[in-house]
Amino acid sequence: METRARSGTATARKCLRVKVISLGCAEVGKSCVIKRYCEKRFVAKYLATIGIDYGVTKVQVRDREIKVNIFDMAGNPFFYEVRNEFYKDTQGVILAYDVGQRESFEALESWLAEMRQELGPHGNMDNIVIVVCGNKIDCGKRRAVEESDGRLWAESRGFHHFETSAQTGEGISEMFQTLFTCIVELCEDGPRARSSLPGGFTREQVDTIRRIRSSKDSWELLGLQPGAPREELNRAYRRLAVLLHPDKCVAPGSEDAFKAVVNARTVLLKNIK
């Protein structure tokens, strides 16, 4: 659905006010992503966010005027005591990492944990729309996080995933359009109506794909001890093949994982009499 700047035409519906925050490690480009969307410009010189940066923008979604209050949260641990005051009443989150910094991607879970902690026992994550932003894709030569890795992590948690470049603007508008549209759907229809959420695969499939990616050899990939008999090898292969076959599994990375399973079986069978 199209998200556009506010026109001069008055809307009959009441303006919706929403709160969006950005989360992620320092230097992943959170501020640059927001400036690229709101101001249509790229700030090349890095200026660390001190505590919280605040901005307001107006958009229209589904003929509904939206006033968006954006709180750009500093990623440095030093500013935790400032950040923790701004989680309350959040409706949208941009959870960002740098595709060239594996550490910033691996830290995403800790950012979610911090948010859950600050929302407290009565905070409901189902009432918050989260988009995961893999930024700095213009720096292709130093990529450390593949698109499929980021998408698998995000979609397995029910989040949308986008790769962006604040420098070129790639992916920025699409990400914010999705974020604002999902917030409007959530406000108007409630958590059960979030039909646009990704998914369609199981936790077992996600965990298996991750295990296969981290396997050191063919035995470990198939979940077997070295020297296992042919019958056991074939049983393990069949189980994984059914679980990960691309015709039945839509999890990101399933096709590559399936190919790895086939190759591992082929290699091992050559050495079993």
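Predicted model: local features only at pLDDT ≥ 70, side-chain atom pairs only at ≥ 80, totals over all residues.
Leaving aside residues up to four places away in sequence, T208 touches L240, L243 and L244. Is T208 buried or exposed? Its relative accessible area is 8%, and because a residue counts as buried when this value is under 20%, T208 is buried.

## The protein as a whole

The protein contains ten helices and seven strands, and buried residues make up 47% of its 273 residues. When we consider the contacts between residues at least 6 apart in sequence, 73% of them join residues that are at least 24 apart.

## Helix α7 and its partner α5

Helix α7, which spans residues 203-214, packs with helix α5, residues 147-155, at an angle of about 150°, and the axes of the two helices are 11 Å apart. Because an angle over 145 degrees counts as roughly antiparallel, α5 is described as roughly antiparallel to α7. The crossing in which α5 passes α7 is left-handed.

Which residues of α5 and α7 make the contact? On the side of α5 they are S148, D149, L152 and W153, while α7 contributes V206, I209, R210 and R213.

## Strand β4 and its neighbours

Strand β4 covers residues 64-73 and is mostly covered itself, since nine of its ten residues are buried. Strand β2, residues 16-23, is joined to β4 by seven bridges, and these two strands run parallel.

## L179 in helix α6

Helix α6 runs over residues 172-189 and includes L179. How much relative accessibility does L179 have? The value is 0%, so L179 counts as buried.

The surroundings of L179 can be described through its contacts: not counting residues up to four places away in sequence, L179 touches V20, G92, V93, I94, V129 and V131. For one of these residues, V93, there is also a distance between C-alpha atoms, which are separated by 8.3 Å although L179 and V93 are 86 residues apart along the chain.

## Helix α1

Why is helix α1, residues 30-39, said to be largely enclosed by the rest of the structure? The reason is that seven of its ten residues are buried. The buried residues in α1 are K30, S31, C32, V33, I34, R36 and Y37. After α1 comes K40, a residue whose phi is positive, near 55°.

Conventions:
Residues numbered from 1 in each chain as written. Heavy atoms only, no water. Axes fitted to C-alpha atoms, helices over the stretch in contact; angles between N-to-C directions. Helix = DSSP H or I, 4+ residues; strand = E, 2+ residues; numbered from the N terminus. Parallel < 35°, antiparallel > 145°, perpendicular 65-115°, else oblique. Left-handed = near helix turned anticlockwise from the far one by under 90°. Contact = heavy atoms within 4.5 Å. Buried < 20%, exposed > 50% of the residue type's maximum accessible area, 1.4 Å probe, protein only. Pairing = 2+ DSSP bridges.
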